[in-house]
Amino acid sequence: MAQASFRSPKGTRDILPGEAERQRAVVNAFADQARMAGFGHVITPIFEDLGVFKRLGESTDVVTKEMYDFVAKDGKHYALRPELTAAVVRAFVQHRPAMPWKVWYEGPQFRYERPQAGRYRQFSQIGVEAIGTEDPAIDAEIIALGWRFYESLGLRQVTLLLNSLGDPTCRPAYLEALTSYFRARHGELSEQSQHTLEVNPLRVLDSKRPEDQAIIDDAPVMVDHLSPETAEHFDGVRRILDRLEIPHEISPRLVRGLDYYTRTTFEFAGHALEGSQNALGGGGRYDALSSDLGGPDAPGIGFALGVDRILLECDAEGVFPAADALADVFIIDTTGGDEASVLQRHLATAGIASDRAYDARSMKAQFKAADRSGARVALIVGDDERAAESVTIRPLQGENRDQTTVPVTALIDNLSTHLS
RNA sequence: GUGGCCGUAGCUCAGUUCGGUUAGAGCACCUGGUUGUGGUCCAGGAUGUCGGGGGUUCAAAUCCCCUCGGUCACCCCA
């Protein structure tokens, strides 16, 4: 370790080969699901005008203390995106695409908070947004998309929690009922919850402190206070989920962290994960976000899933293992290395992934490298082969490891049988 | 932002209680045994400002303070 060596900043990490391929595979699996459902890919900037994220909620830590914000040389106040929904809605408002606008995305996001299991300052999420329809069919479609995606990875211990947070016609009355209920038991609440009550009564329902649980259990719940229209919408979502055979559990105390949510909200929980970071993803409706950001009245719904946590859950469930070898073929060249350079190009043209040793190392060392690489086949070029314009093919795995020497012109055909 | 635990070789760790010769092990790595053959075996080798800084002491990986990092929980959230 060199003196004063640098490290990745606190809460960030390097994702090295192996794990990085695995992460990309998760994104690819998600992209497949999204494309199947008619979602297009959208890429938005990693930083936005700070104002874009103010609508997440003035009472949430994400806005008040976790934002990486900065004033750039143009004097404007920007923030690294702490989430993507607001950024995508901003893009919607800016470009006014035809509705419904169905998009998926992936990429890094930033929150300045203390790192913890499955929680980083730079973290990656994948997600979808659908803007421009309030048809319960889109709610169900999106929820189902998330569900099928987890299934496609092989995860079996994920559950879907569903709730409705009401809309402007019914939520105020519920909030009043909830607040007066908590006020009546104010003294029994934990100190922290007493504070939360003043800032955002809904979030008291989310408290994990034991002393709050009994009070929360008896608290009024939103689903009992939904307006007829909202209740009908929620029933529609549930009906379609049933038709799609997506098991869901009504969780009346599920409260999402960001203020823009209305009506349908949901969360995917991973039960193989220990501790409090078992939320694998979540989302909901944000029917007023577009108009809040200066756009048209356009209802929207979406979700975001934490890539890092998904991989933790995969590890815990023992599914979706990392891809094994990078190269199928390893070239051993004892003539100096030029032959390996030419062969590697030849193989790449034929679509065969290969690796090789460098620095003209001993054959033994090259074989060790070949073994370590995980390649299935070694190609050997020594003085004899070079003189005869041939290559020796030696299987490195499996029962039969007899090696054969073939002309270079017949190499690709011979390799194809070894690799099939 | 608050609190607990932890930082010794690339990795996993021993040594820290009670300060005392050149700081160890396993794995991994390199070389050779095997001048055309890996994964086994044998022999040898390289690798550390003991996270960093300051202090106490004749003497600090070991004790004290500060700091940075990791981890877990809280807060918050994916």
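This is a predicted model: local features need pLDDT of at least 70, side-chain atom pairs count only at pLDDT 80 or more; totals for chains, interfaces and linings use all residues.

Two strands count as paired if DSSP finds at least two bridges between them.

- Strand β11, which covers residues 300-306, is mostly covered, with 7 of its 7 residues buried.
- In a regular strand the side chains alternate between the two faces of the sheet.
- In β11, G300, G302, A304 and G306 point one way, while I301, F303 and L305 point the other way, and all of these residues are buried.
- One partner of β11 is strand β6 (residues 122-131), and the two pair in the antiparallel sense over 7 bridges.
- Strand β10 (residues 279-285) is also joined to β11, in this case by 5 bridges, and these two strands likewise run antiparallel.

**L280, a residue of β10**

- L280 has its place in strand β10, and it is buried because 24 other C-beta atoms lie within 10 Å, where 20 or more are needed.
- Leaving aside residues up to four places away in sequence, L280 touches V158, F268, A269, G270, L305, G306, R309, I310 and E313.
- Between L280 and Y105 there are 175 residues of separation in sequence, and the two are 16 Å apart in space, C-alpha to C-alpha.

**An open sheet of 3 strands**

- An open sheet is formed by 3 strands in the order β2-β4-β3, with antiparallel pairing.
- β2 (47-49) and β3 (69-71) stand at the edges and each has a single partner strand, so one side of each is left without a neighbour in the sheet.
- From one strand to the next, the twist of this sheet averages 35°.
- The antiparallel strands β2 and β4 (residues 77-80) are joined by 3 bridges, and F47 stands opposite L80 in β4.

**Helix α5 and the helices it packs against**

- Two packed helices are described by the angle between their axes and the distance between the axes.
- For helix α5 (residues 136-153) and helix α9 (residues 228-243), the axes come within 8 Å and cross at roughly 45°, and that angle makes α5 oblique to α9.
- The crossing of α5 and α9 is right-handed, and the contact is made by P136, A137, D139, A140, I143 and A144 of α5 together with H233, G236, V237, I240 and L241 of α9.
- Sorted by class, the residues in the contact of α5 with α9 are 8 nonpolar, 2 polar and 1 charged.
- Helix α1 (residues 19-36) also packs with α5, at an angle of about 140° and with the axes 10 Å apart, and α1 and α5 are therefore oblique to each other.
- The crossing of α1 and α5 is right-handed, and the residues that make the contact are A29, F30, Q33 and A34 of α1 and L145, R148, F149, S152 and L153 of α5.
- In the contact of α1 with α5, the residues divide into 6 nonpolar, 2 polar and 1 charged.

**Backbone features in loops**

- M99 and P100 are joined by a cis peptide bond, for which omega is about -5°, and P100 is found in the loop between α4 (85-95) and β5 (101-110).
- A360, in the loop between β13 (354-356) and α13 (363-373), has a phi near 50°, which is a positive value in a residue other than glycine.
- A360 is exposed because it has 12 other C-beta atoms within 10 Å, and a residue with 12 or fewer counts as exposed.
- E389 lies in the loop between α14 (383-388) and β15 (390-395), and its phi is positive, at about 50°, although E389 is not a glycine.
- E389 counts as exposed because it has 9 C-beta neighbours inside 10 Å.

How values were computed. Residues are numbered from 1 along each chain as its sequence is written. Chains are lettered from A and ligands numbered from 1 in the order in which they are written. Helices (H or I, at least four residues) and strands (E, at least two) are DSSP runs, numbered from the N terminus. Axes are lines fitted to C-alpha atoms, for helices over the stretch in contact, and angles run from 0 to 180 degrees between N-to-C directions. Angles under 35 degrees count as roughly parallel, over 145 as roughly antiparallel, 65 to 115 as roughly perpendicular and the rest as oblique. A crossing is left-handed if the near helix is turned anticlockwise from the far one by less than a right angle, and right-handed if clockwise. Two residues are in contact if their C-beta atoms, placed from the backbone, lie within 7 Å. Ala, Val, Leu, Ile, Met, Phe, Trp, Tyr, Cys and Pro count as nonpolar, Asp, Glu, Lys and Arg as charged, and the others, Gly among them, as polar.
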